[in-house]
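Here's a quick briefing to read next to the model. Have the sequence and the 3D view open as you go.

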Amino acid sequence: MRRKLDAADLAIVERLSRDARVSNRDIAERLGVTEGTVRARVKRMEEEKLIRITAVTNIDRFKDAALAYIWIEVERSGQTKAVAEQLADITELGFVGVMLGRSDILAITMVRNAEHLAEFVHQRISVVAGVRSAHSTLGVNFIKHDYRMARIVS
Amino acid sequence: MNDLSASTHSRHIDLDNTDQAIIALLRADGRMAYRAIARELDIAENTVRARVRRMEESNTMRVVAVTDTEAAGFGMLLAIGVQVEGRSPEVVAREMAAIPEVFSVNVVVGAQDIEILVLSKNQAALSELISGTLGAISGVRRLTPALALDVLKNQPDWVPFHAA
């Protein structure tokens, strides 16, 4: 288990989750701590992978973009982890998780349309050794994604 | 949680190679100094500042801190399929989007009408979320959950900015 953020960390993260380009000095002034404290805490949180400061882009700015959920069943249960690891290497996949229930693995990607999704599954997912079947669901309206929350794995 | 809803004044801008290069550097390190970006791309620091501001103001890109769910105290992540009856899936989806633990909401076509991703601190909180909160929403016929045992990859690089 990773350590949980303390109150001082959370106050800094709250500010950074709205706009991470804000300077350490601005955060320090607002919270009444020194700039060095802010710098050290941000650095430590990043090093321990408790936070990741990154650019996110608006999916609405891409033409014909839809989110696809791909549910994957493996040949034998013992292969699940190995198959998931191979899938995690596929650049286009934004999420790969080993699941309990519904199917063995959930992978999420962004596609242009149903045709593109079928092609992607056929050419990139079904060919992975150990994949028995894959069935997908295409999103028609991406209503919410709170990008302030994610599993930080790499 | 604080309000991150996008301004209604957002407009479409076309991104050129310089914009894309700046986004790529900021994806790798969101705290990279304007000066360092300018040096890396061999352009003026003011150009970098102006480009970043333009992309932010048009709601094309944001640089944010993403918090690890476990560090935030959420030990469980679930993908839940939702079947809806007697109500529009869009309307049900928007009600679900207002719940803080529901961090992703998609209206889909297929066996399910909506796919959501939810976080929970523990089993008791999860029970309350599923039976108490989500199950009680009008129009929700059936919830089909799957628990993530191990998340190998999660890069929320592309997201909608019109979050609830």
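Chain A has a radius of gyration of 20 Å, whereas a compact globule of 154 residues would come out near 15 Å; the value is taken over C-alpha atoms, and the globule rule is 2.2 Å times the number of residues to the power 0.38. Keep in mind that this is a predicted model, in which local features need pLDDT of at least 70 and side-chain atom pairs count only at pLDDT 80 or more, while totals for chains, interfaces and linings use all residues. Residues are numbered from 1 along each chain as its sequence is written, and chains are lettered from A and ligands numbered from 1 in the order in which they are written.

**Chain A: shape and make-up**

- The C-alpha trace of chain A spans about 55 × 40 × 20 Å along its principal axes.
- Chain A holds five helices and six strands, in the order α-α-α-β-β-α-β-β-α-β-β; these are DSSP runs numbered from the N terminus, with helices being H or I of at least four residues and strands E of at least two.
- Of the 154 residues in chain A, 40% are buried (20 or more other C-beta atoms within 10 Å of the residue's own, with C-beta atoms placed from the backbone).
- Among contacts in chain A with a separation of 6 or more, 58% link residues 24 or more positions apart; a contact here means C-beta atoms, placed from the backbone, within 7 Å.

**Confidence in chain A**

- Mean pLDDT (the predictor's confidence in each residue, from 0 to 100) is 90 for chain A, with 94% of its residues at 70 or more.

**Where the chains meet**

- Chain B puts 60 residues into the contact and chain A puts in 57.
- On the chain B side, β5(B) gives the most, with eleven residues.
- That side of chain B has 34 nonpolar, 15 polar and eleven charged residues (Ala, Val, Leu, Ile, Met, Phe, Trp, Tyr, Cys and Pro count as nonpolar, Asp, Glu, Lys and Arg as charged, and the others, Gly among them, as polar).
- Strand β3 (residues 93-100) of chain A pairs with β5(B) in the antiparallel sense over six bridges; pairing takes at least two DSSP bridges between two strands.
- Opposite A:V96 stands B:K153 in β5(B).

Definitions and conventions: Contact = placed C-beta atoms within 7 Å. Buried ≥ 20, exposed ≤ 12 C-beta atoms within 10 Å, placed from the backbone.
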